[in-house]
Amino acid sequence: TVITSRRAAPARDPMSSPARARTPFSDADKRWLATHQHAKMLDPGVIVLGVAHRQGDEDDHPLTRHLNLPTVIECYPLRVAHDPSKAAKGSGFSAAKWDSKSGEAPVPWPNTFWLVDPTLVAKVGQLEHEGLVAKYNKTLGFKPREMERREREIAAGSLSRSDEEVVNKDPEYDAAAAREFARQHEAYGSHRWSLLSEEDKAFATERGFDVVIRDVGIGGLRYKNQVKCLHLHYAHWLVTRDNIVGGWVHDELMKRAAATRGTTTGG
């Protein structure tokens with residue numbers, strides 16, 4: 001049977017491992033998570049390998065309560081997404097989500113690091129609501145319509161523009177940041193692949209899942225300059241300190257926390 005992590009979590013590849021050591025996902029952690037997920041809820045079919053970051057890991061982080069509770073959990077790259085009982089109860093997308101064409105066979109789960117701290121989830125969600133995803137995409141030169149048009153040109157054999165002509169030429173565009181972010185997307189994919197057992201690597205390759213797990217970027221993004229979910233990028237940054245967008249999110253959260261402290265203290 002594949003998904004051998006149900007028996008034991010595979011060892012990490014030292015060349016792609018996060019800087020912070022993973023700690024066990026305890027029964028107490030499970031009980032806490034079951035009662036504290038109000039948004040960005042984790043798919044129940046996901047296998048949790050451990051806690052990648054805890055409250056209190058950052059002594060200078062004013063938004064956590066320093067109770068050593070999970071902030072980020074690390075997830076296995078394969079999950080079973082088939083549950084006929086849940087599919088029968090739902091309709092539309094809700095039903096289709098659990099009526100996997102793969103049946104009981106595993107399918108990819110590209111979100112290695114999942115933010116679970118409810119305070120941070122809410123704060124980061126507010127940043128998304130205020131349009132920071134679009135702002136960061138502009139900084140990194142991601143233009144969805146241009147990228148899609150370029151893919152069609154490649155497929156039709158009529159490519160006439162270089163990468164430089166496709167990227168955003170707005171004054172906000174930062175080519176150095178885009179290059180660094182592309183490297184971080186690749187590192188995320190390499191780490192995700194390293195989490196699989198050899199048996200599951202063979203299974204993924206046979207099913208054509210190797211590209212989805214190994215070669216795409218953070219959260220399964222195909223474009224290496226794309227930002228989609230700030231929660232994913234911030235979770236990655238908290239664990240590795242190697243996600244430029246996550247760093248921007250952290251700086252924004254710290255700036256707002258400092259302003260709030262100044263307001264409440266009259267400073």
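Apart from its neighbours within four places in sequence, G246 makes contact with H233, Y234 and W237. In this predicted model, G246 has its place in helix 12, which spans 244-265, whereas H233, Y234 and W237 are among the buried residues of helix 11. G246 is itself buried, with a relative accessible area of 0%.

Of its 267 residues, 50% count as buried, and the chain exposes about 13,500 Å², of which 53% is supplied by carbon and sulfur atoms. When the contacts with a separation of 6 or more are considered, 74% of them are accounted for by residues 24 or more positions apart.

Helix 11 is mostly covered, since eleven of its eleven residues are buried. The buried residues of helix 11 run from L230, H231, L232, H233, Y234 and A235 to H236, W237, L238, V239 and T240. Just after this helix, R241 adopts a positive phi of about 60°, a positive value that occurs here in a residue other than glycine. R241 is placed in the loop between helix 11 and helix 12, and in contrast to the buried residues of helix 11, R241 counts as partly exposed, at 37% relative accessibility.

A further partner of helix 11 is helix 4. The description of two packed helices rests on the angle between their axes and the distance between the axes. For helix 4, which comprises residues 118-129, and helix 11, which comprises residues 230-240, the packing angle is about 130° and the axes lie 9 Å apart. Angles over 145 degrees would count as roughly antiparallel and those from 65 to 115 as roughly perpendicular; helix 4 and helix 11 are therefore oblique to each other. The crossing in which helix 4 passes helix 11 is right-handed. On the side of helix 4, the contact is made by L120, V121, V124, G125, L127 and E128, and these meet L230, H231, Y234 and L238 of helix 11. By class, the residues of this contact comprise seven nonpolar, two polar and one charged.

E128, which has its place in helix 4, is one of the residues that meet helix 11. At 25% relative accessibility, E128 counts as partly exposed. When residues up to four places away in sequence are not counted, E128 touches V133, K228, C229, L230 and H231, and of these, L230 and H231 belong to the contact of helix 4 with helix 11. E128 and C229 are 101 residues apart in sequence, yet the distance between their C-alpha atoms is 7.9 Å.

G50 lies in strand 1, which covers residues 48-54, and is buried, with a relative accessible area of 0%. Its contacts, once neighbours within four places in sequence are left aside, are with R22, T23, F25, I73 and E74. Between G50 and P24, which are 26 residues apart in sequence, the C-alpha to C-alpha distance is 4.8 Å.

D215, by comparison, lies in helix 10, which consists of residues 210-215, and is partly exposed, with a relative accessible area of 35%. With residues up to four places away in sequence not counted, D215 touches D210 and K224. The C-alpha atoms of D215 and A187, two residues that are 28 residues apart along the chain, are separated by 9.5 Å.

Technical notes
Residues numbered from 1 in each chain as written. Predicted model: local features only at pLDDT ≥ 70, side-chain atom pairs only at ≥ 80, totals over all residues. Heavy atoms only, no water. Axes fitted to C-alpha atoms, helices over the stretch in contact; angles between N-to-C directions. Helix = DSSP H or I, 4+ residues; strand = E, 2+ residues; numbered from the N terminus. Parallel < 35°, antiparallel > 145°, perpendicular 65-115°, else oblique. Left-handed = near helix turned anticlockwise from the far one by under 90°. Contact = heavy atoms within 4.5 Å. Nonpolar A, V, L, I, M, F, W, Y, C, P; charged D, E, K, R; others polar. Buried < 20%, exposed > 50% of the residue type's maximum accessible area, 1.4 Å probe, protein only. Areas by Shrake-Rupley, 256 points an atom, 1.4 Å probe, with all protein chains shown as cover.
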